[in-house]
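Good morning, and thank you for making time for this item.

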Amino acid sequence: MKNILIVYNRELTISLKKRKVIMLLIVFLIFFALFFTLLINYIIIGIKNNIEINYNRIKNFMRIGLIVSILFTSFMPILFFSTSINSDKKNKTIENILNTNITKKDIVIGKFLNGIISLFTLFFASLPIFYLTVILGGIGLFELLKIVLLLICFMMFISSIDLFISSIFYELNTSIFVSIFVSIFSSIIMFILINFLNNDLNFIITILFFLIFIVFFINLTIKSKLFKY
Amino acid sequence: MIEFKNVKKIIDNIVVLKDISFSIDENSIVSFIGEENSGKTVLTKVFASPNDIDGGSIRFNPDISNFKISVMFDEFEKNLNMTVYEYFCFYLDCYGIYDSKDKIINDIFDKYKLSILKNANIDTLNVSVKKLINLLRLLIIKPNVLVLDNPLKLVNNNTKNLIKEILLENKYNMIIILTSNNMSEFGEISTHIGILENGEIAKFGTINSILDELDLLNRMEMRINGEITFAINILKKIKKVQNVVFDSDKIYFSISGNDSDKEDILRTLIENGVSVYSYREDIEILGQIYKSIKTFKDNKIINEEEF
């Protein structure tokens, strides 16, 4: 566990120095600030003009928020994982780290942990939208929690695939291109899938599917050829 | 002791190391010398991961668990985004040294007068300093086996001397394995030499045993003013002189005898009117070893083709 934290710490220091997370967080917050402003304007204009607020239209407005969240959870991991392993191989860091007490497993889990925690920071910044959905009567609290859980698992699933991709392609451009392709494909599947998740059984099966494949892809990454000297 | 027995390594379906066999005792400095693509770097990688071989065996005595093997690879890490101090702290953590990190780092920096570099960004340093820092980083954990791949490549003279000094300082605490494509770089500090040629060990042994075998002991280098063939003819008449060859203005020859014989030969040359302005032992002796092996092998190939 200590070794995983050492790798995590290193990754975090590097990403903070590159200001990757901070920049993304700022972009994210600006995006949501704009979204809220538009929504509040819509409501205030409605009240000022004594027009009855059409909650169905607000619900449609919120649906855009959900679509954007799915796209974010599927594309954001590219920034953190698509060149995670092969860039270290190119920079000759992996060989030196493996020559210490750190194992391949520590490196993979440490990197995964750092990316996921950074993504969570961004993801939680989007939660006020869902909260607004609840208070405006869009969806219930239980549905909201289900969607949050689903999006978290989906994000971790995409992250594990991107991490795996970064461990099979040596060239950074190739791994980025393949990751983008995977994200597009996964987003489409997710849009289709979300319509069938009203059923609790379907929901549990989907969550289990994601969790099993997260473990599967992390294990495949550990066995990567790029970890050989 | 480390013993390699018929070790074979395959990378991307190409046999990079073939039947590598040698043994290294405690407190040895072993230099593996060879041209580009002769297998030096792969050999260092085998030390880094001894279980990952495709044939033969590597035996550690006592058991491998008692060996701490530190490897310095040819290329230094890039895009680290760290200061030198952070770099040392990170690797101390990686080695499981969590206590008194400050003291360990300060001691090593003070010893080699490198304190000024502590807060420098490691990416901005030149190759010489990077290699020195890498070496010090490996020595911090006091390994039993220190493997350095091309440690003096692209390094300036001052740092080269410092690296050699550091290696000599540590020679009694560990086995040191070096690789180089510059023949004379480690001649003076090595106890054993291995010549690598196309993934095979062409020669392995102490410097003297190899020199003896190749008749290169007491090899002299001489420079003269005037007719070179005249001097060669005189040398060929002297009984104790063998293997006379020349390369532009230099004459090389072996002497079977001691230091007084060397003086006698010089006296004979001067008495016969040869204007000698440089007469010394051949310092490029490792280069000569390599040339001899290569010439021997090339001749063998030509003879086989003729046959």
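In chain B, strand E1, residues 2–11, pairs with E2(B) in the antiparallel sense, and 7 bridges hold the pairing. Please keep in mind throughout that this is a predicted model.

In chain B, 3 strands form an open sheet in the order E2-E1-E4, with antiparallel pairing. Strand E2 (14–24) and strand E4 (55–60) of chain B each have a single partner strand, so one side of each is left without a neighbour in the sheet. On average, neighbouring strands of this sheet are turned by 20° against each other, direction ignored.

Let me turn to another sheet of chain B. Here 4 strands form an open sheet, in the order E11-E12-E10-E13, and the pairing is antiparallel. Which strands of chain B are the edge strands here? They are strand E11 (241–247) and strand E13 (275–281), each of which pairs on one side only. From one strand to the next, the twist averages 25°.

Within this sheet, strand E10 of chain B, residues 219–225, is joined to E13(B) by 6 bridges, and the two run antiparallel. One position to look for is Met222(B), which stands opposite Tyr279(B) in E13(B). A helix also packs on this sheet: helix H8 of chain B, residues 259–271, touches E10, E11, strand E12 (250–255) and E13 of chain B. The direction of helix H8 makes about 165° with that of E13(B).

I now come to the interface. How many residues of chain B are in contact with chain A? There are 26, and they meet 21 residues of chain A. The area buried between the two chains is about 2,100 Å², and carbon and sulfur atoms give 55% of that area. Asn81(B), Phe90(B) and Cys94(B) supply 23% of the area that chain B buries against chain A, more than any other three residues.

As for polar links, 6 residue pairs between chain B and chain A are in polar contact, both residues being at pLDDT 80 or more. On the chain B side, helix H1 (40–48), strand E5 (69–72) and helix H2 (84–94) each supply at least two of the residues that touch chain A. H2(B) gives the most, with 5 residues. By residue class, this side of chain B divides into 12 nonpolar, 5 polar and 9 charged.

Finally, the salt bridges. Over all chains, the count comes to 17. Why does the pair Glu75(B) and Lys92(A) join two chains? Glu75(B) lies in the loop between E5 and H2 of chain B, and Lys92(A) lies in the loop between helix H4 (84–90) and helix H5 (93–98) of chain A, so the pair joins two chains. The closest N and O atoms of this salt bridge are 3.9 Å apart, and the count between chain B and chain A is 1 salt bridge.

Notes. Residues numbered from 1 in each chain as written. Chains lettered and ligands numbered in written order. Predicted model: local features only at pLDDT ≥ 70, side-chain atom pairs only at ≥ 80, totals over all residues. Heavy atoms only, no water. Contact = heavy atoms within 4.5 Å. Buried area = accessible area lost by both parts, 1.4 Å probe. Salt bridge = Lys/Arg side-chain N within 4 Å of Asp/Glu carboxyl O. Polar contact = N/O pair within 3.5 Å; in protein donor to acceptor, adjacent residues only side chain to side chain. Nonpolar A, V, L, I, M, F, W, Y, C, P; charged D, E, K, R; others polar. Pairing = 2+ DSSP bridges. Axes fitted to C-alpha atoms, helices over the stretch in contact; angles between N-to-C directions.
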